[in-house]
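Colleague: I have a few questions about this model. Can we go through it piece by piece?

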Amino acid sequence: MEQAQDLRKTTICLFDVDGTVTPPRQIIKKNMEEFMDRLKQKVTVGLVGGSDLAKILEQLGGQNALKNFDYVFSENGLVSHKNGELIFQENICRFIGEEKLQKFINFCLKYLSELWLPFKRGTFIETRSGLINIAPPGRSCSQAERDQFEKFDKEHKIRENFIQKLKENFPDYNLVYSIGGQISFDVFPAGWDKRFCLTQVQADGFEKIYFFGDKTFKGGNDYEIANDPRTVSFTVTSPENTIQIVSELLTIA
């Protein structure tokens with residue numbers, strides 16, 4: 001038991017949410033909840049997602065989930081909770097400034113208005129505390145429509161082309177564009193990707209930082225943290241694969 005306590009002080013496992021701990025935008029499964037409980041007995045456990053806190057908690061089963069993890073880093077860590085308590089929050093609107101922000105959003109709205117897709121629903125742009133989320137088909141689409149758009153996007157590169165236009169038109173904004181989930185991409189100032197949470201993790205004295213995520217490819221929202229020299233990272237393909245890899249790595253029965 002003493003050795004386990006020592007490991008909890010020095011080792012943390014950080015997990016992406018969508019596609020890693022839960023199926024994309026779906027509720028965590030019972031076997032994953034039970035696995036995380038067992039893992040937490042051995043090491044410190046944290047989540048780091050691009051979504052806002054409300055969406056992450058929805059996927060994890062509600063507000064009580066905040067206390068089921070040692071750390072919950074929402075919006076890439078721009079909103080940070082430790083042991084269920086808010087410890088840090090940054091604001092992208094204040095950081096960028098209203099005039100520049102409106103120019104950027106107006107461009108996005110015009111681009112979206114001229115984009116033809118298999119369908120469009122609602123909530124195309126969502127300004128969160130630490131980032132702007134842009135969903136070409138709209139965030140209010142159903143799960144079946146999300147699946148449909150994901151396939152369409154792989155063939156027609158809707159998000160990739162949109163990002164390229166933004167880079168061309170706002171080269172001096174120093175923004176990073178990161179594709180995540182099935183239907184959207186995130187926009188945030190350089191340095192505000194998932195690596196942002198590592199400052200807090202290091203400040204708390206962790207010597208070994210494991211990261212597990214499914215979008216570790218260049219342009220994916222796990223890429224930067226997965227390739228940071230401070231982490232030992234693993235690419236997963238599903239929540240079941242996450243359990244398999246972590247079990248083999250840390251001998252979790």
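**The open sheet and its helices**

Modeller: This is a predicted model. An open sheet of four strands runs in the order E6-E7-E9-E8, and its pairing is antiparallel.

Colleague: Which strands stand at the edges?

Modeller: Strand E6 (125-127) and strand E8 (175-180) do. Each has a single partner strand, so one side of each is left without a neighbour in the sheet.

Colleague: By how many degrees are neighbouring strands turned against each other?

Modeller: On average by 20 degrees, direction ignored.

Colleague: How many bridges join E8 to E9?

Modeller: Six bridges join E8 to strand E9 (residues 184-189), and the two run antiparallel. Valine 176 stands opposite phenylalanine 188 in E9.

Colleague: Which strands does H5 touch?

Modeller: Helix H5 (residues 98-113) packs on the sheet and touches E6, strand E7 (132-134), E8 and E9. The direction of H5 makes about 160 degrees with that of E6.

Colleague: And what does H7 touch?

Modeller: Helix H7 (residues 158-169) also packs on the sheet, with contacts to E7, E8 and E9. The direction of H7 makes about 175 degrees with that of E8.

Colleague: Now H6. What span should it have, and how far apart are its end C-alpha atoms?

Modeller: Helix H6 (residues 143-156) has 14 residues, which at 1.5 Å a residue should span 20 Å. The end C-alpha atoms of H6 are 20 Å apart, which agrees.

Colleague: Which residues of H6 are buried?

Modeller: Glu145, Arg146, Phe149, Phe152 and Asp153. They cover an arc of only 130 degrees around the axis, which puts them on the same side of H6. These buried residues pack against H7.

Colleague: Why would residues three or four places apart point the same way?

Modeller: An α-helix has 3.6 residues a turn, so residues at that spacing point the same way.

Colleague: What is exposed on the other side of H6?

Modeller: Ala144, Lys151, Lys154 and Glu155 are exposed there. After H6 comes lysine 157, with a positive phi near 55 degrees.

Colleague: Moving on to H8. Which residues are buried there?

Modeller: In helix H8 (residues 196-203), the buried residues are Cys197, Leu198 and Val201. They cover an arc of only 100 degrees around the axis, which puts them on the same side of H8.

Colleague: What covers them?

Modeller: The cover includes strand E1 (11-15), strand E2 (44-48), strand E3 (71-74), strand E10 (208-213) and helix H9 (223-226). Thr199 and Ala203 are exposed, on the face of H8 turned away from its buried side.

Colleague: What follows H8?

Modeller: Glycine 205, whose phi is positive, near 90 degrees.

Methods: Residues numbered from 1 in each chain as written. Predicted model: local features only at pLDDT ≥ 70, side-chain atom pairs only at ≥ 80, totals over all residues. Heavy atoms only, no water. Buried < 20%, exposed > 50% of the residue type's maximum accessible area, 1.4 Å probe, protein only. Arc of directions from axis to C-beta. Contact = heavy atoms within 4.5 Å. Pairing = 2+ DSSP bridges. Axes fitted to C-alpha atoms, helices over the stretch in contact; angles between N-to-C directions. Expected span 1.5 Å × (residues − 1).
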